[in-house]
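Okay, thanks for coming, everyone. Let me put it up.

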Amino acid sequence: MTGEMLRIAGVIEHGPRGPLLRVADGTCWRLIAEDTIDHLLGRRIMVEGVRKGGAIDAYYLAPASEAPVFGLMGAVAAA
């Protein structure tokens, strides 16, 4: 749904209309980002942003290994 807040991980790729985020199930999201993200191409990243149709207007991008993972500590402790 447009306007929905998203937090999703995937790999950044070049697309015909700009950068794409390919997620594990094969879905591709077009990324709208104010900053250049060429340094993230080919890397697994975490994106936070607002859904706009088939695109994500990203306000946060970081390598997935550096992004905070909420709730993980509780799940690990319970396992």
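So, look at Val11: the residue standing opposite it in S2 is Arg22. Keep in mind that we're looking at a predicted model here. Arg22 sits in strand S2, which covers residues 18-22. S1 and S2 run antiparallel, with five bridges joining them, and the hairpin from S1 to S2 goes through two residues.

Now turn to S3. Which residue there is the bridge partner of Arg22? That's Cys28. S2 and S3 also pair in the antiparallel sense, this time over three bridges. Their hairpin has five residues between the strands, and Gly26, in that turn, has a positive phi of about 95°.

The side chain of Arg22 reaches the backbone oxygen of Gly26, at 3.4 Å. So what else does Arg22 touch, leaving out residues up to four places away in sequence? You get Gly10, Val11 and Glu13, and then Thr27 and Cys28. There's also a distance I can give you: the C-alpha atoms of Arg22 and Ala9 are 8.4 Å apart, with 13 residues separating the two along the chain.

In soluble globular proteins, nonpolar side chains tend to be buried together. Here, the largest nonpolar core has 12 residues, among them Leu21, Val23, Trp29 and Ile56. Strands S1, S3, S4 and S5 each supply at least two residues of this core.

The protein averages a pLDDT of 83, and 82% of the residues score at least 70. Confidence is highest in S3, at 95, and lowest in helix H1, residues 72-78, at a mean of 35. Over residues 71-79 the pLDDT is below 50, and that stretch has zero contacts in the model beyond near neighbours in sequence.

Methods:
Residues numbered from 1 in each chain as written. Predicted model: local features only at pLDDT ≥ 70, side-chain atom pairs only at ≥ 80, totals over all residues. Heavy atoms only, no water. Helix = DSSP H or I, 4+ residues; strand = E, 2+ residues; numbered from the N terminus. Contact = heavy atoms within 4.5 Å. Polar contact = N/O pair within 3.5 Å; in protein donor to acceptor, adjacent residues only side chain to side chain. Core = buried A, V, L, I, M, F, W, Y, C linked by side-chain atoms within 4.5 Å. Buried < 20%, exposed > 50% of the residue type's maximum accessible area, 1.4 Å probe, protein only. Pairing = 2+ DSSP bridges. pLDDT = per-residue confidence, 0-100.
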